[in-house]
Amino acid sequence: MDLEQLAQHVARSKDRPIMDLFSDPNRAADFSVHADCLLFDYSKTNIDRDTRAFLFDTARAADVAGRRDAMFEGERINETEGRAVLHTALRAAYGTVVKLDGENIVPAVRATRDRMAEFARAVRKGSFRGQGGAITDVVNIGIGGSDLGPLMAVRALTPYSDGPCCHFVSNIDGAHLADTLAPLNPETTLIIVASKTFTTVETMTNAHSARDWMATKVKDPAAQFVALSTAADRTAAFGIPAEQTFGFEDWVGGRYSVWGPIGLALGLSIGADNFADFLAGARAMDDHFRKAPLERNLPMLLALVGLWHHQGMGYATRAVLPYEQRLGRLPAYLQQLEMESNGKRVTMSGDALETVSGPVVWGEPGTNGQHAFFQLIHQGTAVVPCEFMVAKHGHEAGYAHHHRLLIGNCLAQSEALLKGRTFEEARASLSGKGFEGEELDRQARHRVFPGNRPSTTLIYDQLTPFVLGQLLALYEHRVFVEGVILGINSFDQWGVELGKELAKDLDPILTGSASAEGKDPSTQMLINHLRPRARK
Ligand code: F6P
């Protein structure tokens with residue numbers, strides 16, 4: 001990324017009202033893209049034609065297209081782990097050839113998908129049964145990518161859910177497992193242990209405790225367990241039958257894994273056909289990413305707008321604001337996807353990054369966020385680029401007026417961010433309400449909205465399985481493009497390791513079987529306070 005040129009573009013646009021850019025009557029059409037039934041509007045940003053041309057040049061100079069093709073073709077672009085990055089193969093169509101080390105991996109992927117579909121059918125129609133009868137509840141035990149993807153997607157696709165009720169346990173806090181299991185009947189519950197490595201301490205601790213819970217009522221608890229993992233030896237050692245184990249390979253990153261076995265809970269909830277539509281949506285976005293020209297390429301555009309706001313304008317965070325209650329967990333899903341992928345400090349070659357890496361990503365569904373943190377977004381001193389998304393149609397025919405109000409609120413927020421409200425406007429409105437003199441000015445100052453705050457809006461038709469697949473793949477590829485331009489490896493996550501190692505060390509210290517010597521004074525003091533003592 002040419003940081004000097006970037007700085008020049010920033011200097012030119014920093015104090016320019018975004019509204020001024022709309023003196024071009026074509027701006028709304030020119031700075032929006034309609035592709036594959038999605039509409040992405042980025043006209044409410046301070047990007048003008050020159051800056052856009054510079055951003056396109058940046059993508060070309062970084063050879064994003066070349067890296068993209070390398071990813072799809074199975075090159076080992078995850079260089080620090082020596083792995084290919086082929087989550088896209090999990091959603092490949094029949095007949096596609098994706099070669100890894102000379103071998104086409106698609107037939108094996110399809111075979112696992114067929115087994116998953118068969119298993120989902122058996123559970124859903126009751127031919128796979130628990131000790132007490134048909135399976136009524138499924139508990140997915142996993143964390144990070146082995147939790148957030150299926151959890152978010154199951155919630156997102158509630159209108160398509162006609163299978164067993166799916167629950168998700170991730171936290172090592174026993175409260176999560178206890179509260180989830182309390183109302184369930186072990187005899188009709190299926191436990192999925194979802195873990196790429198099958199070593200993650202949260203997941204394994206929860207899995208063992210869940211097995212103990214199952215054993216209180218069920219003679220053969222392992223028969224009601226399923227494993228989703230790359231580690232067949234460990235799933236077998238846990239006692240899970242091979243026919244209830246669905247494997248995948250190390251070329252699927254945890255946060256990119258919802259498309260394969262890790263998506264089983266979703267398949268159980270919505271059925272194999274809807275799950276296939278979910279994959280088809282992602283596949284459509286893969287095709288778009290590979291074929292659409294840069295200027296109309298949605299992942300490229302999202303990434304370039306993101307880089308402009310964070311690396312260019314210096315906005316520290318970005319808010320993802322789905323006006324869709326069922327996408328309530330999308331911000332959390334995107335936090336892992338974006339921050340675990342692009343929260344790095346060195347380039348692929350190990351040199352310090354010359355610019356900042358990925359932004360903090362956060363958000364909540366609208367309209368709830370409006371009554372919580374939007375105050376800061378409108379009038380706080382930090383500028384937060386907002387990424388709005390909303391469906392043209394909801395699913396609730398009987399609540400059409402709710403959906404109209406939802407859309408109105410979404411549009412109102414981006415309009416308010418763009419235009420703001422001047423002191424004079426605030427004053428005029430207050431004087432009509434009887435304020436005058438000093439008090440009128442004082443009150444008016446509190447009611448000024450600076451405006452000129454950037455946002456983008458993504459509109460989709462309806463949140464179907466297909467559309468959800470499109471949206472998630474769009475964000476995956478956006479993260480990829482940002483990572484390539486920054487020159488980082490978006491597919492490792494070494495930053496989570498140190499905490500894991502230290503937590504392991506701390507366990508014997510907390511039980512009192514190891515000494516706290518060597519720990520810093522603050523940690524020693526905290527250990528001392530937390531260590532159980534004999535009660536008097
Ligand atoms: O948080 C680190 C991480 O490795 C994530 O990348 C991953 O999604 C999560 O832990 C869970 O890992 P596993 O699926 O191996 O249990």
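These legends describe close-up views of a predicted model. Residues are numbered from 1 along each chain as its sequence is written, and side-chain values use heavy atoms, leaving out hydrogens and water. Local features need pLDDT of at least 70, side-chain atom pairs count only at pLDDT 80 or more, and totals for chains, interfaces and linings use all residues.

**View 1. An open sheet of five strands.** The strand order is β8-β7-β9-β10-β11, with parallel pairing. Strands (E, at least two residues) and helices (H or I, at least four) are DSSP runs, numbered from the N terminus. Two strands pair if DSSP finds at least two bridges between them. β8 (165–169) and β11 (245–247) are the edge strands; each has a single partner, so one side of each lacks a neighbour in the sheet. From one strand to the next, the twist averages 20°.

**View 2. Strands β7 and β8.** β7 (residues 137–141) runs parallel to β8, and five bridges join them. Asparagine 140 stands opposite phenylalanine 168 in β8.

**View 3. Helices on the sheet.** Helix α8 (residues 174–181) lies across β7 and β8, at about 165° to β8. Angles run from 0 to 180 degrees between N-to-C directions; axes are lines fitted to C-alpha atoms, for helices over the stretch in contact. Contact means heavy atoms within 4.5 Å.

**View 4. Helices α6 and α12.** The axes of α6 (residues 106–125) and α12 (residues 272–291) come within 9 Å and cross at roughly 145°. Arg113, Met116, Ala117 and Arg121 of α6 meet Ala272, Asp273, Phe275 and Leu279 of α12.
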